[in-house]
Amino acid sequence: MNNIDVLPLNMILNEDCLVGMKKIPDNSIDLIIADPPYNLSKGGEWKWDNSVKLDGMGGNWNKAKEDWDDFSFDSYFEFTNAWLKEAKRILKSTGSMWIFGTYHNMGIINVICQKLNIEIINEVIWYKRNAFPNLSGRRLTASHETILWCNKGGKKREYYFNYEFSKNGDFSSDNLKAPGKQMRTVWDMSNNKSREELLYGKHPTQKPIKILERLIKLSSKEGDVMLTPFAGSGSECVAAKVNSRNYIGFEIEKEYYDIAIERLENALPNSNQITFLDNVNMLED
Ligand SMILES: C[S@@+](CC[C@H](N)C(=O)[O-])C[C@H]1O[C@@H](n2cnc3c(N)ncnc32)[C@H](O)[C@@H]1O
């Protein structure tokens, strides 16, 4: 039997990814997009105003104030090691993994990738040109996230890369991408979401579909299987579906799982939906 026959394809499971990923066979996934908890919720009140100060961390931050985002340093380290170990096991040697983070957690993720011999291909800086201003005026305005592009590691470098798309795709809204030139590692994209992306409810750290679509097109083919361990409101799965990829998602919180299910029911496979929506009805965060 082919590995693909035993995968829970085109489903989001309301389950802990550490449990769920254990049921996925070795070397069966083409693409992993992981947007893990950032470990930014440290007690106190919910804030949307970028005024939260975290000990040992410069900058002010919107606080997610979520139980799923509140770890001790050691437990975050162990958690990251556990999910990355599973991710490496299930990823094909031809596959890719993209991991989102900020400087609060990316140092840990980078070190653990190296420890597990997961190869880091590139570190992308997602420049958010519409970042919320720093209200205290005592720090620089935080205006980027980091995305690591990785492969399974090992001697052969077999990961798929759509070089043609990276060079000649339509990136007209990215002021840092010159048409017909090689794609660089700094991407200029607002964090705005279209009305349709927010129609079924909001997630505090929801990713815009347009950046996920770029990751998917750069590193996978139609019909491939994309897995996201931390599905949230389902953005990665929606981006996979509208780009004719199969998807598997895990989301531990029922509230977000429900939003994701509704979004997926209303996303059209193999559609131009996202590209079209990227240019209209954009909302501020
Ligand atoms: C940073 S958010 C992802 C947001 C997502 N990219 C989106 O656009 O909606 C991380 C998500 O992981 C979920 N989560 C945390 N720990 C988890 C676990 N062990 N298994 C599955 N989901 C988990 C949280 O509930 C949260 O929704």
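Predicted model: local features only at pLDDT ≥ 70, side-chain atom pairs only at ≥ 80, totals over all residues.
## Ground rules

Local features need a pLDDT of at least 70, side-chain atom pairs count only at pLDDT 80 or more, and totals for chains, interfaces and linings use all residues. Residues are numbered from 1 along each chain as its sequence is written, and side-chain values use heavy atoms, with hydrogens and water left out.

## The whole chain

The chain has eight helices and twelve strands. Both are DSSP runs, numbered from the N terminus: helices are H or I with at least four residues, strands are E with at least two.

Of the 285 residues, 51% count as buried. Buried means under 20% relative accessible area, exposed means over 50%, and partly exposed lies in between (1.4 Å probe, protein chains only). The accessible surface of the chain is about 13,800 Å². Carbon and sulfur atoms hold 50% of that surface. Areas come from the Shrake-Rupley method with a 1.4 Å probe; for residues, only the protein chains shown count as cover.

Contact means heavy atoms within 4.5 Å. Take the contacts with a separation of 6 or more: residues 24 or more positions apart account for 72% of them.

## Helix α3

Helix α3 spans residues 106-115. Its buried residues are Met106, Ile108, Ile109, Ile112 and Cys113. They share one side of α3 because they cover an arc of only 155 degrees around the axis. The arc is taken from the directions from the helix axis to the C-beta atoms. An α-helix has 3.6 residues a turn, so residues three or four places apart point the same way.

Gln114 and Lys115 are exposed on the other side of α3. The buried residues pack against α2 (73-90), β5 (91-101), β6 (119-127) and β7 (144-151). After α3 comes asparagine 117, with a positive phi near 60 degrees.

## Tyrosine 256

Tyrosine 256 sits in helix α7, residues 254-265. It is buried, with a relative accessible area of 3%. Tyrosine 256 and tyrosine 200 are 56 residues apart in sequence, yet their C-alpha atoms are 10.0 Å apart in space.

A nitrogen atom of the ligand is 2.8 Å from a polar backbone atom of cysteine 17. An oxygen atom of the ligand is 2.9 Å from a polar backbone atom of lysine 207. Taken alone, the ligand exposes 610 Å², and the protein buries 98% of that.

Terms used: Polar contact = N/O pair within 3.5 Å; in protein donor to acceptor, adjacent residues only side chain to side chain.
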